[in-house]
Amino acid sequence: KIFQAVVSCIGGDGTIYIIPKSFETALNKLMAEIQNTFKGLGLLIPYCWKKGEACVVRGSDTVWYRAKIVEVSGSTLQVQYIDHGYIESIPQCHLYPTTFYTGIPPFCIPCQLYKTLPIGNFWQQDAVDYLQELLKNEEVEIHVEELPDNPWGKLSISLYFGGMSLSSFMAYQKYCVAEDCQDIQKLGVFEGDLSPSYLLQTLPFPGEIFPVTVTHLVSPKEVYICLDSSGNVTKRSATERATSHDSESLNKALKWCNKIVKTLPHLTNFKKELPCLAEYVDGLWYRAKLLSITQLVPVQILVQFVDYGTYLVAPTSRLRHIPCHLLKYPVQAVRVLLAGFKPASDDKNVERIPYSPEWSLKALWTMVDCVEGKRLSASILTLSPEVTISLYGDDKNLVHLKLIEMGLAELDE
């Protein structure tokens with residue numbers, strides 16, 4: 001069985017506690033009921049607690065949780081939150097014995113990685129800390145491999161985060177040995193003789209009007225667009241729905257990559273068009289490709305962020321290998337030419353775009369104002385030799401009409 005779950009905590013022995021997404025509604029309903037039943041403080045009179053006894057615990061967030069006694073030692077009790085898995089030492093005044101809700105099974109499931117042997121036969125503390133940092137409160141994909149011998153035992157699972165196998169990843173980190181490590185190649189840490197490349201975006205048919213956003217402008221006529229996945233779901237074409245799914249899955253995979261990016265090797269091959277991960281000025285890592293070496297001492301590389309179209313000159317310290325599973329998502333940004341206009345022959349503005357001097361800087365900034373943050377739509381006119389589109393503003397008028405009004409461009413039949 002395969003299902004989505006949230007990792008609630010990692011036990012001190014490396015046990016992975018998960019809450020299936022399908023349990024969330026029932027758990028929230030139970031939690032609301034417990035809050036209505038128990039109010040105020042815990043039991044303030046002396047009470048003889050026993051190991052394994054059911055209780056409710058008032059957590060540090062002042063919320064009541066189901067728990068059981070794990071160990072009794074003086075005025076402090078060690079309890080386990082049965083719906084979340086974690087163990088904590090709690091003063092007796094924050095507990096209340098109860099037989100309420102004992103008929104409802106725990107919502108969290110203790111799990112262990114299938115055919116995965118920790119180094120030294122038990123999970124070392126640094127491995128447990130790493131698992132906690134990586135997985136706590138994150139949504140993951142669970143593949144059930146083997147049921148436990150008894151109902152209270154651990155479920156043997158394969159766990160995938162952002163398309164990567166946790167067993168393979170931890171084995172690569174030298175925390176364990178995984179018997180089934182065939183997908184360690186997917187981490188993208190072995191370059192081999194392969195020349196990986198990105199998939200291209202599937203575009204709508206010519207003549208079809210579809211929503212877009214402009215992510216980068218090279219000149220008023222040359223821009224990068226992304227198919228807009230927001231808006232009315234029922235009216236979307238099959239292409240738009242597929243793009244929306246790809247975009248959401250890619251964003252999740254990139255979020256995971258940002259968590260593990262320090263474990264990925266720096267680039268050593270600087271072949272043109274090579275896919276990689278690059279760090280942008282916001283401190284986050286995105287999919288990119290190498291374009292050219294702009295400086296040798298120190299080495300500076302020109303890269304393009306393939307899902308936006310933007311460029312950056314970066315040192316090698318800000319470039320890393322890309323995990324291979326990130327290559328299965330098509331590039332989100334598509335380079336297009338806008339049809340219907342050309343630079344004005346009588347544009348007297350002196351300041352020109354250095355790499356495209358036929359256009360004035362004023363024309364570029366005017367076009368930025370026309371498209372930035374706007375809900376736009378497009379229709380493809382030609383697919384080759386270049387993708388050429390008509391681009392419409394949220395008022396359904398062609399965006400370049402503003403430039404023509406201002407004398408910064410003229411109609412081009």
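This is a predicted model: local features need pLDDT of at least 70, side-chain atom pairs count only at pLDDT 80 or more; totals for chains, interfaces and linings use all residues.
I will start with the overall layout. The domain assignment divides the protein chain into domain 1 (1-183), domain 2 (208-232 + 333-411) and domain 3 (265-322). Domain 2 is written in two segments, 208-232 and 333-411. Between the C-alpha centres of domain 1 and domain 2 there are 53 Å.

There is also a record to set beside this. UniProt, in an unreviewed entry, places the feature "domain: Tudor" at residues 48-105 and at residues 269-329. In the model, residues 48-105 are 0% helix and 50% strand, with 25 Å between the end C-alpha atoms. For residues 269-329 the figures are 0% helix and 48% strand, and the end C-alpha atoms are 22 Å apart.

Next, the strands. Which order do the strands take in the open sheet of 5 strands? The order is β19-β18-β17-β16-β20, and the pairing is antiparallel. The edges are β19 and β20 (319-320); each has a single partner strand, so one side of each has no neighbour in the sheet. The partner of β20 here is strand β16 (residues 275-279), and 2 bridges join these antiparallel strands. Within that pairing, Ala278 has Leu319 in β20 as its bridge partner.

Now to another group of strands, around β14. Strand β14 (residues 209-217) pairs with strand β25 (residues 376-382) over 4 bridges, in the antiparallel sense. There, Pro211 is opposite Ser377 of β25. Strand β14 is also joined to strand β15 (residues 222-227), by 5 bridges and again antiparallel. In this pairing His216 is opposite Tyr224 of β15.

Helix α5 covers residues 361-371, and its buried residues are Ala363, Leu364, Thr366, Met367, Val368, Cys370 and Val371. In general, an α-helix has 3.6 residues a turn, so residues three or four places apart point the same way. Just past α5 comes Gly373, with a positive phi of about 70°.

On to the aromatic rings. The count for the model is 17 aromatic pairs. Take Tyr130 and Phe169: their ring centres are 6.2 Å apart and their planes meet at 25°, so this pair is stacked. Tyr130 belongs to helix α2 (residues 125-135) and Phe169 to helix α3 (residues 166-172), so the pair links distant parts of the chain, 39 residues apart. Are these two residues, Tyr130 and Phe169, buried or exposed? Both Tyr130 and Phe169 are buried.

A second example is Tyr286 with Tyr308. This pair is edge-to-face, with 5.7 Å from centre to centre and 85° between the planes. Tyr286 is in strand β17 (residues 285-295), while Tyr308 is in the loop between β18 (300-305) and β19 (311-315), so the pair ties together parts 22 residues apart in sequence. Tyr286 is buried, at 15% relative accessibility. Tyr308 is partly exposed, with a relative accessible area of 36%.

Phe38, Trp64, Tyr96, Phe100 and Tyr101 are linked into a cluster by ring pairs. Two lysines sit over rings as well. Lys136 is over the face of Tyr86, 6.0 Å from the ring centre, and Lys221 is over the face of Phe341, 4.8 Å from the ring centre.

Last, the cysteines. How many disulfides does a search of the whole structure find? The search finds 0 disulfides. For Cys108, the closest cysteine sulfur is that of Cys9, 7.0 Å away, and this is too far for a bond. Cys108 is buried, at 7% relative accessibility. For Cys226, the closest cysteine sulfur is in Cys276, 18 Å away, again too far for a bond. Cys226 is buried too, with a relative accessible area of 10%.

That is the end of the walk.

How values were computed
Residues are numbered from 1 along each chain as its sequence is written. Side-chain values use heavy atoms; hydrogens and water are left out. Rings of Phe, Tyr and Trp (its six-membered ring) pair if their centres lie within 6.5 Å; planes under 30 degrees apart count as stacked, over 60 as edge-to-face and the rest as tilted. Buried means under 20% relative accessible area, exposed over 50%, partly exposed in between (1.4 Å probe, protein chains only). A charge sits over a ring if NZ of Lys or CZ of Arg is within 6 Å of the ring centre and within 35 degrees of the ring normal. A disulfide is a pair of cysteine sulfur atoms within 2.5 Å. Two strands pair if DSSP finds at least two bridges between them. UniProt positions are given in the numbering used here, feature names are shortened, and annotations may be inferred rather than shown by experiment. Domain bounds come from an automatic or database domain assignment.
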